[in-house]
Amino acid sequence: INPRVPVLPPWPHKLPFTPLCLTHWLLDVFPGPCEPEDLIDGIIFAANYLGSTQLLSERNPSKNIRMMQAQEAVSRVKSPDGDTQTLTEVDLFISTQRIKVLNADTQETMMDNALRTISYIADIGNIVVLMARRRMPRSASQDCIETTPGAPEAKKQYKMICHVFESEDAQLIAQSIGQAFSVAYQEFLRANGINPEDLSQKEYSDIINTQEMYNDDLIHFSNSENCKELHLEKQKGEILGVVIVESGWGSILPTVILANMMNGGPAARSGKLSIGDQIMSINNTSLVGLPLATCQGIIKGLKNQVQVKLNIVSCPPVTTVLIKRPDLKYQLGFSVQNGIICSLMRGGIAERGGVRVGHRIIEINGQSVVATAHEKIVQALSNSVGEIHMKTMPAAMFRLLTGQETPMYI
């Protein structure tokens, strides 16, 4: 199974897309399988409705978690092989405003979701999974559950409704929904006096080609002065005493970062490690590209070892970002929610500048935004032109350093 899970950026309540985000829908999906005019009016696909299920999810889950959520929804809804699956023939209505599910026989509306509430789309073979955010009342919401009293925003669990369909046109359906977002964005541009042709892929690519990578990981990692092989001594049965977090999607060599060390633990006692160091391998096992949970499992497996060999790259805990934006008409290519970067256009000016998904923005053009409201962060970014300097760090590390989370050492 090779699911394709398009990542849709969060929408504000009243606007189609956060203005600073030119998503990959605009560049990669548009034009798509449909005529834009048809999507404005709405198109219909035939499908079989298999069922829906509800999942709890963080506000900004990682790409791996999104894939697992889609597959879990399918496993919950789809009958095991050999069992008879209850099928309801439906018409799937897709437009730039909403996605509706109609009973094919009676044309009765079974579901009606505004397009902006659709968070993720996955087509897995002939299966389509639509994930929709539950609408949350302004008063205390039962759709948002805190894992612990007073938990920070990132630890809140939100209810996500997953609708599962079966169709021979599963891939077309997913592409059409992606294109619907693109057309909606273009209509938003026109409504605000911007010609979408000014943001053509060729013009954007020309700007990209004139810019060099800033803070290039490959250059930093290939510098022998930054690479170290360390040997740590520990007692048998003793944990290494570290907290690790993901380096963030957008890092050219994705691995894990040392976010905290336990006082008196083997890692801290060695005096050889620093917060921010990226761990490339442990006992000759590479961690590059592995999920965080797998890396944590490898470290936990060291408990009975008395010697541990680490290959690390010395890195500062704060990532310096430099985005070069020649004109306001060129969108930055990432979206942000409550200070956390939650989506990134691959190959855009933001990625070239060092932006990484999952990082917390702590400074913009020399001004701290640690306690700044989401709207002001978006405004500061969307109105910036020329060189935009930012400082970021992994959101999980930020929460640890600011005391919002208790470190769980491994």
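Asn338 is partly exposed at a relative accessible area of 33%, where partly exposed covers the range between buried (under 20% relative accessible area) and exposed (over 50%), with a 1.4 Å probe and protein chains only. The model is predicted, so local features need pLDDT of at least 70 and side-chain atom pairs count only at pLDDT 80 or more, whereas totals for chains, interfaces and linings use all residues. Residues are numbered from 1 along each chain as its sequence is written, and side-chain values use heavy atoms, with hydrogens and water left out.

**Overall architecture**

- The secondary structure of the protein comprises eleven helices and 20 strands, taken as DSSP runs numbered from the N terminus, with helices being H or I over at least four residues and strands being E over at least two.
- Of the 410 residues in the protein, 50% are buried.
- Among contacts with a separation of 6 or more, 72% join residues 24 or more positions apart, a contact being heavy atoms within 4.5 Å.
- The protein exposes about 19800 Å², of which carbon and sulfur atoms supply 49%; accessible areas come from the Shrake-Rupley method with a 1.4 Å probe, and for residues only the protein chains shown count as cover.

- Strand S10 (residues 242–246) is largely enclosed by the rest of the structure, because four of its five residues are buried.
- S10 pairs with strand S11 (residues 256–261) in the antiparallel sense over five bridges, pairing being assigned if DSSP finds at least two bridges between two strands; Glu246 stands opposite Val256 in S11.
- Ile257 is found in strand S11 and is buried, with a relative accessible area of 5%.
- Ile257 and Pro394 are 137 residues apart in sequence, while their C-alpha atoms are 8.7 Å apart in space.

**Aromatic rings and a charge over a ring**

- The count comes to one aromatic pair, under a rule by which rings of Phe, Tyr and Trp (its six-membered ring) pair if their centres lie within 6.5 Å, with planes under 30 degrees apart counted as stacked, over 60 as edge-to-face and the rest as tilted.
- The pair is formed by Tyr49 and Phe165 and is tilted, at 5.6 Å centre to centre and 50° between the planes.
- The pair links distant parts of the chain, as Tyr49 in strand S1 (residues 43–57) and Phe165 in strand S8 (residues 156–166) are 116 residues apart; both Tyr49 and Phe165 are buried.
- Arg360 lies over the face of Phe398, at 4.8 Å from the ring centre, the criterion being NZ of Lys or CZ of Arg within 6 Å of the ring centre and within 35 degrees of the ring normal.

**Cysteines**

- The structure holds zero disulfides, a disulfide being a pair of cysteine sulfur atoms within 2.5 Å.
- The cysteine sulfur closest to that of Cys227 is in Cys315, at 8.7 Å, which is too far for a bond.
- Cys227 counts as partly exposed at 35% relative accessibility, whereas Cys315 is buried, with a relative accessible area of 13%.

**Positive phi in two loops**

- Most residues other than glycine have a negative phi.
- Asn284, in the loop between strand S12 (278–282) and strand S13 (285–286), has a positive phi near 70° and is exposed, with a relative accessible area of 62%.
- Asn338, in the loop between strand S16 (334–337) and strand S17 (340–344), has a positive phi near 55°.
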